[in-house]
Amino acid sequence: MEKEYIISFSSFYKAAYAQEMLDTAGIRASLRKLPSELVHSCGTGLYLRTGSIQQASSVLQKKQIIPRGIYEIRGQRHSGREYVRIQ
């Protein structure tokens with residue numbers, strides 16, 4: 001079962017580089033504005049839908065890209081969403 005995730009970074013450039021590295025590994029992710037409750041220093045993050053976040057996390061670790069946080073998105077758009085930090 002696929003789940004939605006958000007990966008936040010300390011800068012737009014790290015987020016863009018991470019997207020490029022994930023794309024090279026065959027993992028689709030899109031750069032989008034973060035929800036206000038997740039913004040710390042950079043307002044842009046990566047959104048992805050996958051059955052396991054582990055593969056994306058491994059790619060980032062191998063490339064020495066350290067995210068500020070990885071969050072699972074729970075709930076529906078219209079009924080409210082919850083962002084659960086998983087890493």
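Glutamine 64 is exposed, at 71% relative accessibility, where exposed means over 50% relative accessible area, buried under 20% and partly exposed in between (1.4 Å probe, protein chains only). This glutamine lies in the loop between H2 and E4; helices (H or I, at least four residues) and strands (E, at least two) are DSSP runs, numbered from the N terminus. Most residues other than glycine have a negative phi. Glutamine 64 has a positive phi of about 60° although it is not a glycine.

The model is a predicted one, in which local features need pLDDT of at least 70 and side-chain atom pairs count only at pLDDT 80 or more, while totals for chains, interfaces and linings use all residues. Residues are numbered from 1 along each chain as its sequence is written, and side-chain values use heavy atoms, with hydrogens and water left out.

Helix H1 covers residues 12–24. Its 13 residues should span 18 Å at 1.5 Å a residue, and the end C-alpha atoms are 18 Å apart, which agrees; the expected span is 1.5 Å times one less than the number of residues. Ala15, Ala18, Met21 and Leu22 are the buried residues of H1. Seen down the helix axis, these buried residues fall within an arc of 125°, so they line one face of the helix; the arc is that of the directions from the helix axis to the C-beta atoms. Tyr13, Asp23 and Thr24, on the other side of H1, are exposed. The cover over the buried residues of H1 includes E2, E3 and helix H2 (54–62). Just after H1, glycine 26 takes a positive phi of about 85°.

Serine 57 lies in helix H2 and is buried, with a relative accessible area of 10%. Leaving aside neighbours within four places in sequence, serine 57 is in contact (heavy atoms within 4.5 Å) with Ile70 and Gln87. Glycine 45 lies in strand E3 and is buried at 0% relative accessibility. Not counting residues up to four places away in sequence, glycine 45 touches Ile7, Ser30, Leu31, Arg32 and Leu34. Glycine 45 and serine 11 are 34 residues apart in sequence and 8.9 Å apart in space, C-alpha to C-alpha.

Attention now turns to the pockets. On a 1 Å grid over the protein atoms alone, a pocket is an open set of points where a 1.4 Å probe fits, with protein on both sides within 12 Å along at least five of seven lines, and lining residues have an atom within 4 Å of a point. The largest pocket has a volume of about 220 Å³, a volume being the space filled by probe spheres set on the points, which are joined across faces, edges and corners. This pocket is lined by 12 residues, of which Arg28, Ser30, Tyr47, Leu48 and Arg49 lie nearest its centre. Strands E1 (3–8), E2 (30–33) and E3 (44–50) each give two or more residues to the lining, and E3 gives the most, with three.

The second largest pocket holds about 190 Å³ of space. Its lining has 12 residues, with Glu4, Ile73, Arg74, Gly75 and Gln76 nearest the centre. E1 and strand E4 (69–76) are the elements that give two or more residues to this lining, and E4 gives the most, with five.
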